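Please look through the structure below. The briefing after it starts with one residue and then moves out to the whole chain.

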Amino acid sequence: MIVVAGEALIDLVPQGTGALAALQPALGGGPFNTAVALGRLGSCAAFCSRVSSDAFGEALLDRLRESGVDVSSVQRGAEPTTLAVATVGTDGSAAYSFYVDGTADRLFSAPSALPSGTRAVSFGTCSLVLEPGASAYEELMLRASAQGVFTALDPNIRPGLIPDADAYRARFKNWLPSVSLLKLSEEDAAWLGGTPQEWLAAGPAAVVITRGGDGLTAFTADGEYTVPGERVAVVDTIGAGDTVNAALLHGLAVRDALSRRAAAALGPDGWTELLGFAARAAAVTCSRAGAEPPYAHELPG
């Protein structure tokens, strides 16, 4: 079981140009997308969050179930669903503004235990920023790590949601001893400061940096491994990084490498194969509108 902990929200995606373009609601949120991608790839996955009981919340849970994701750990609340308004650039890149005040996911409370058979837990994005839920997710991360569970972190920085950048950077550094796999984009890395080598020394078995169409690089104590990006006609990049998260976790699970020692010891061939798989999965997501991660049958090999 791979558990994904974090928010589920609604992306409002413009269907044209200009400030008043029509907005199409789409199911989203970094952790939500990661859970959907894991289910579609064939992993045994569960989602751990707090979701609104409104119509958007029901639609989010329906998508998780359709993707084969266990939702028995999802908490419910009467508060509204978080909204994220996306702006898609000419190159397909996406930027977001958020409507988060008084929404259901912010009131998440850490469960007393993870689902039976949990091998890994993934964290990231808004859920680690917005209080009081952020402290609850942090509590779950620290507890899971202390129990020997493989922990993955994708900060997925949204600067507009972070009121005190220096405080967040300090908090990020405090998480690293409890993180097994750190995945982040080169933009995230630049915003956070520091280097992959510094982050490795603080605790993770591996650090993976994504560079969009230019590919991915994994840093471990034994070496640095890079694969190029897959060439594809980009519709938008929504959910691409989340798909990488899922592909990495799925690939590690298939290799029975959901432990710090095993992940660090994959070596050149193992990491090159794993990164290539993640690049192919992300390319499929980029080739279609919205966060629509691939199914296993779309990724031969």
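V244 lies in helix α7, where helices are DSSP runs of H or I with at least four residues, strands are runs of E with at least two, and both are numbered from the N terminus. This is a predicted model, in which local features need pLDDT of at least 70, side-chain atom pairs count only at pLDDT 80 or more, and totals for chains, interfaces and linings use all residues. Residues are numbered from 1 along each chain as its sequence is written, and side-chain values use heavy atoms, with hydrogens and water left out.

**V244**
- V244 has a relative accessible area of 4% and is therefore buried (under 20% relative accessible area; exposed is over 50%, partly exposed in between, with a 1.4 Å probe and protein chains only).
- Leaving aside residues up to four places away in sequence, V244 touches K183, T210, L216, A278 and A282; a contact means heavy atoms within 4.5 Å.
- T103 is 141 residues from V244 along the chain, and their C-alpha atoms are 27 Å apart.

**Helix α7**
- Helix α7 covers residues 240-254, and its 15 residues reach 21 Å from first to last C-alpha, close to the expected 21 Å (1.5 Å times one less than the number of residues).
- Of the 15 residues in α7, 12 are buried, so the helix is mostly covered.
- Among the buried residues of α7 are A240, D242, N245, H250 and G251.

**Helix α3**
- Helix α3 runs over residues 133-146, and its end C-alpha atoms are 20 Å apart, in agreement with the 20 Å that its 14 residues should span.
- The buried residues of α3 include G133, Y137, E138, L140 and M141.
- G148 follows α3 and has a positive phi, near 85°.

**The whole protein**
- The protein contains nine helices and 15 strands.
- Its radius of gyration is 18 Å, close to the 19 Å given by the globule rule for 301 residues, so the protein is as compact as a globular protein of that length (the radius is taken over C-alpha atoms; the rule is 2.2 Å times the number of residues to the power 0.38).
- The C-alpha trace spans about 50 × 45 × 40 Å along its principal axes.
- Buried residues are 56% of the 301 residues.
- Among contacts with a separation of 6 or more, 69% join residues 24 or more positions apart.
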